[in-house]
Amino acid sequence: NQTALVEFILLGFSDIPDLQGFLFGVFLIMYMIILMGNSLIIIITKMEPSLQTPMYFFLGNFSSLEICYVSVTVPRLLVDLCSQNRTISLPACAAQMYFFLVFGATECFLLTVMAYDRYVAICNPLLYPLLMNSRLCVQLAAGCWVSGIPVHVVLTYQIFSLPFCGSNRLNHFFCDIPPVLKLACGDTLIIETLVYVVAVLVVTIPFMLILGSYVRIIETILKLPSATGQAKAFSTCSSHLMVVALFFGSGLITYLRPKSSHSIGMDKFLSLFYTIVTPMFNPMIYCLRNKDVMVAMGKFLLK
C-alpha cells in the first residue's frame, strides 16, 4: 500500500545553508556572463560582413544553443537558492529533464558538425566553398536541433513511467537522470541499459567522429610547408578543441561511468561543470582565441 509520488524536493545545495546567498550571487553572475557573452557573439556573427562564413554560422547557432541549454537549469537553481519551497512536480521535472537532454544532444551534434567544417576547410580547402554551401549549412544546423527530439521523448517517457513511491528528496539541483533513477522503486536495469545506449549514440559516437576529424586535421597541418601556415591552421581549431574537451570530458564521466562509482558530491560537481562552468567559458574561449571575432567585436563596441 505505497503511495505514488506526485512531486520531488530538489535538495540542491541545502546541505550548506550558510552559503546560499554566496552561491546565488556566484551563479547569477555566471548566468549573466553566459547570456551577455553568447548574445554578443550572435549579434556579431549576424551583423559583421566578414563573419558570414559557415564557421561563424555554426558558432552563432552554438551560442543560441548555449543560452537555451543553461536556461533549462540555472533559473530554477537561482529560485531554489533564495526560496524555502523547493518542490517540483513530476511533469515539471520530466519537462526539465527532457529539454536538458535534447539541448545537450544538440550540443554534441553541433560540435561534431563544427569539427567537420574545420576538417573540410583544412583538408579540402579548394572544395570548401562548394561542399559547405549555405543550403548544406542550414540543413546540418537544422538536423542538429531536431535529431535528439524523438530519442529523448522515448527516454524521458520510459524514466517517468517507473514507479516513484519511496523518498521524494532528489539530492541534486535539477532533474538529471542518475539522481531521478535513484528514487525509482521498480527494476531500473532496462532503463539504465537504455541510458547507456543513448549515451553511446549521442555522446560517444560524436566524440569519436570529432577525434577522427582532428587526427586528419593535425596530419594535414603538419604537412604544411611553413610554420606560419601551421600556426594559422591550428589557431582556427584550438578554440573548438578546448570546448570539445571541456564539454565531452565531463559528460562522458557523468553518464558512462559505472553506477557503483557514482557519488552525490561528484555528480553535483560534474553537473555544475557542464551546465554552468563550461557554457560560461565558451564565449571567452571563442573570442579570446579568435582574432576575427575580436576585431569584429571591437568594431561593434565602437559603434
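**Pocket.** I first noted what a pocket is: on a 1 Å grid over the protein atoms alone, it is an open set of points where a 1.4 Å probe fits, with protein on both sides within 12 Å along at least five of seven lines, and its lining residues have an atom within 4 Å of a point. Grid points are joined across faces, edges and corners, and a volume is the space filled by probe spheres set on the points. This is a predicted model, in which local features need pLDDT of at least 70 and side-chain atom pairs count only at pLDDT 80 or more, while totals for chains, interfaces and linings use all residues. I also wrote down that residues are numbered from 1 along each chain as its sequence is written, and that side-chain values use heavy atoms, with hydrogens and water left out.

I looked up the second largest pocket and found a volume of about 250 Å³. Its lining has 17 residues, and Lys46, Gln52, Tyr56, Phe57 and Asn61 lie nearest its centre. The elements giving two or more residues to this lining are α1 (20-47), α2 (54-71) and α6 (134-160), where helices are DSSP runs of H or I with at least four residues, strands are runs of E with at least two, and both are numbered from the N terminus. The most comes from α2, with six residues.

How far apart are the end C-alpha atoms of α2? They are 26 Å apart, which agrees with the 26 Å that its 18 residues should span at 1.5 Å a residue, the expected span being 1.5 Å times one less than the number of residues. I then checked burial (buried means under 20% relative accessible area, exposed over 50%, partly exposed in between, with a 1.4 Å probe and protein chains only). In α2, 14 of the 18 residues are buried, so this helix is largely enclosed by the rest of the structure.

**Core.** The largest nonpolar core has 90 residues, and Phe27 and Ile159 are among those with the most contacts inside it; such a core is a set of buried Ala, Val, Leu, Ile, Met, Phe, Trp, Tyr and Cys residues joined through side-chain atoms within 4.5 Å. Helix α4 (residues 90-123) gives the most to this core, with 20 residues.

**Single residues.** Pro17 lies in the loop between β1 (7-10) and α1, and is exposed with a relative accessible area of 56%. I placed Gly249 in helix α9 (residues 227-256), and at 28% relative accessibility Gly249 counts as partly exposed.
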